[in-house]
Amino acid sequence: MGRLLRVEGLVPVTGVVAFLLLFGILGGPGDPAPEARWIGLGVLIAPALMAYAHRGAAAWAGVLAAVVWTSLAGSVVTALVGWVYALVAIALTRRDRSPLTAPVPRRQPPAPAGLPHVAVPAEAAGFTLLTLATAGFVAVLAHWAGVEALTAVIGAFGLGCAFIARAVEQRSHLRRLFGTPQPMHTVRVVEQPGYVHVLLPEPGGLLAREFAFDVAEDAAWPADDEDPATLPATLYGEPRPGAWCTVEVQGRLHVPVGPVGEVIEVAYDVVQGLPRELEDDEEQLVDPEALLPADRVDAFECREHRIAPARAWAATVAIGLGAALAAGELARLAGEAAAALAVVAAVAGGVGYEFGWRAQLRPRLRWHAGGVAALGFRGPDRQPWANDSAVVHDDAGTVLLTAGESVLTVPVPPPWPKPASQRSADQLVAALRVARNQSFAISPLPPPPDVEVPSRPIKLYGAWLLSVVLTVLILG
């Protein structure tokens with residue numbers, strides 16, 4: 001799920017909006033040919049799939065989709081929707097540009113004995129999809145399949161091209177890494193079979209960038225059974241996600257077989273050459289400025305956190321209505337009768353509202369010095385505080401809570417429509433840490449608080465019914 005929510009998700013989101021506008025409001029393609037709607041749908045789907053495999057290929061596919069929809073358009077607005085879709089895909093490619101960095105020495109890395117054949121899975125997936133797309137196109141031409149199969153053919157062909165473009169680009173980056181001068185950095189590394197872990201200290205020595213990348217197996221590397229230790233090394237390349245780097249460690253050159261993964265910033269111990277380990281008490285300090293007056297209460301008084309009701313209801317309605325509209329539009333494209341369209345919209349809307357209920361409206365967290373009780377997507381979980389309990393947040397709207405035998409993920413989106421409607425992530429972390437600290441000074445402790453599973457409110461069913469009616473009125 002995390003991968004689907006990356007920045008590449010802007011392309012499929014824009015594609016869904018374009019689909020609803022083109023087929024729902026603007027009437028679809030102006031060309032009356034039966035193939036037109038399926039070709040138009042296929043060129044909308046292709047960039048949304050390709051964005052996850054190769055951004056540049058998705059941008060070209062977006063331009064092609066805009067050109068196709070310009071030829072199919074029955075109005076200027078229809079053509080503009082296609083070009084806006086293309087512009088979003090093009091704008092995403094700008095994120096691939098290297099950021100400006102401080103000037104560092106450059107030198108061409110030592111020449112390896114040979115370059116590995118990288119991106120084999122992407123290459124194989126690409127040619128497989130192209131073969132399937134070709135077979136599907138032949139089936140349509142031979143009338144073995146209906147024209148509606150053109151949508152899948154175009155989508156598979158585009159995704160196959162994106163995978164092949166990804167393989168070609170990665171091999172080009174690898175050749176360029178060893179064929180041109182690269183930025184040089186003094187780093188500390190941990191060598192492991194097929195994997196190199198890198199620490200790049202910042203100039204002040206208090207922080208370091210930490211990342212890793214896969215490397216080709218080196219038979220000359222003297223593996224042993226000792227615990228991993230960092231060694232001084234020279235890094236060649238840009239230490240950023242998606243870039244290609246190589247390291248030279250005591251005369252051993254590690255040739256990458258994949259790009260750099262996630263780059264994080266960690267506290268650095270310049271003496272040991274390792275990430276600085278924080279003591280538990282230091283890591284779990286309470287920020288007094290983040291602690292609300294409502295959380296400065298008796299240790300046994302139960303408190304509760306929920307997503308702001310206005311925000312949760314808005315998100316749930318958007319999910320349910322969007323699911324009903326999208327499914328209803330697909331049923332209309334398939335030529336289903338109004339009754340079948342209503343059934344499809346009712347089922348899809350029900351699934352959407354159930355997801356919104358479990359992900360937005362129902363989740364809650366209750367706590368006091370005796371422990372925590374969480375009601376999440378699947379159900380309730382009650383855990384006592386323990387010596388190794390910890391509370392942190394990831395700066396992305398989620399609080400991670402370790403308590404008892406569970407690791408709980410608590411959604412904490414920005415408060416909406418006003419700050420007082422819900423605790424922020426910092427405020428929730430401070431409140432939980434206070435309760436955790438209080439549990440260590442009190443004995444005996446009560447059990448964790450209870451949390452009841454509420455029944456679905458009547459207005460949830462009302463919102464679902466209203467969404468189905470709106471979908472039938474809009475699309476029927």
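At 37% relative accessibility, Arg382 counts as partly exposed (buried means under 20% relative accessible area, exposed over 50%, partly exposed in between, with a 1.4 Å probe and protein chains only). The side chain of Arg382 meets that of Asp450 in a salt bridge, at 3.4 Å from N to O. A salt bridge here is a side-chain nitrogen of Lys or Arg within 4 Å of a carboxyl oxygen of Asp or Glu. Arg382 lies in strand E13 (residues 380-383), and Asp450 lies in the loop between helix H10 (425-440) and H11, so the pair ties together parts 68 residues apart in sequence. Helices (H or I, at least four residues) and strands (E, at least two) are DSSP runs, numbered from the N terminus.

The model is predicted: local features need pLDDT of at least 70, side-chain atom pairs count only at pLDDT 80 or more, and totals for chains, interfaces and linings use all residues. Residues are numbered from 1 along each chain as its sequence is written, and side-chain values use heavy atoms, with hydrogens and water left out.

The protein chain has 11 helices and 16 strands. Its C-alpha atoms fill a box of roughly 75 × 65 × 35 Å along the principal axes. Of the 476 residues in the protein chain, 41% are buried. The accessible surface of the protein chain comes to about 24,800 Å². Carbon and sulfur atoms hold 63% of that surface. Accessible areas come from the Shrake-Rupley method with a 1.4 Å probe; for residues, only the protein chains shown count as cover. Among contacts in the protein chain with a separation of 6 or more, 70% join residues 24 or more positions apart. Contact means heavy atoms within 4.5 Å.

Salt bridges number 10 in the structure. One of them joins Arg366 and Glu304, with the closest N and O atoms 3.5 Å apart. This pair links distant parts of the chain: Arg366 is in strand E11, Glu304 is in strand E10, and 62 residues separate them. Both ends are partly exposed. Arg366 has 27% relative accessibility, and Glu304 has a relative accessible area of 35%.

The side chains of Arg358 and Glu354 meet at 2.7 Å, N to O. Arg358 and Glu354 are 4 residues apart in helix H9, so about one helical turn separates them. An α-helix has 3.6 residues a turn, so residues three or four places apart point the same way. Arg358 is partly exposed, with a relative accessible area of 23%. Glu354 is also partly exposed, at 24% relative accessibility.

Helix H11 (residues 458-475) holds Leu470. Val469 is found in helix H11 as well. Leu470 is partly exposed at 33% relative accessibility, and Val469 is partly exposed with a relative accessible area of 39%. Val469 and Ala324 are 145 residues apart in sequence and 9.8 Å apart in space, C-alpha to C-alpha.

Aromatic rings were also paired. Rings of Phe, Tyr and Trp (its six-membered ring) pair if their centres lie within 6.5 Å; planes under 30 degrees apart count as stacked, over 60 as edge-to-face and the rest as tilted. By this rule the structure has 3 aromatic pairs. The ring centres of Phe19 and Phe23 are 5.4 Å apart and the planes stand at 40 degrees, so the pair is tilted. Phe19 and Phe23 both lie in helix H1 (residues 10-25), 4 residues apart, about one turn of the helix. Phe19 is buried, with a relative accessible area of 9%. Phe23 is buried too, with a relative accessible area of 2%. Phe19, Phe23 and Trp69 form one aromatic cluster.
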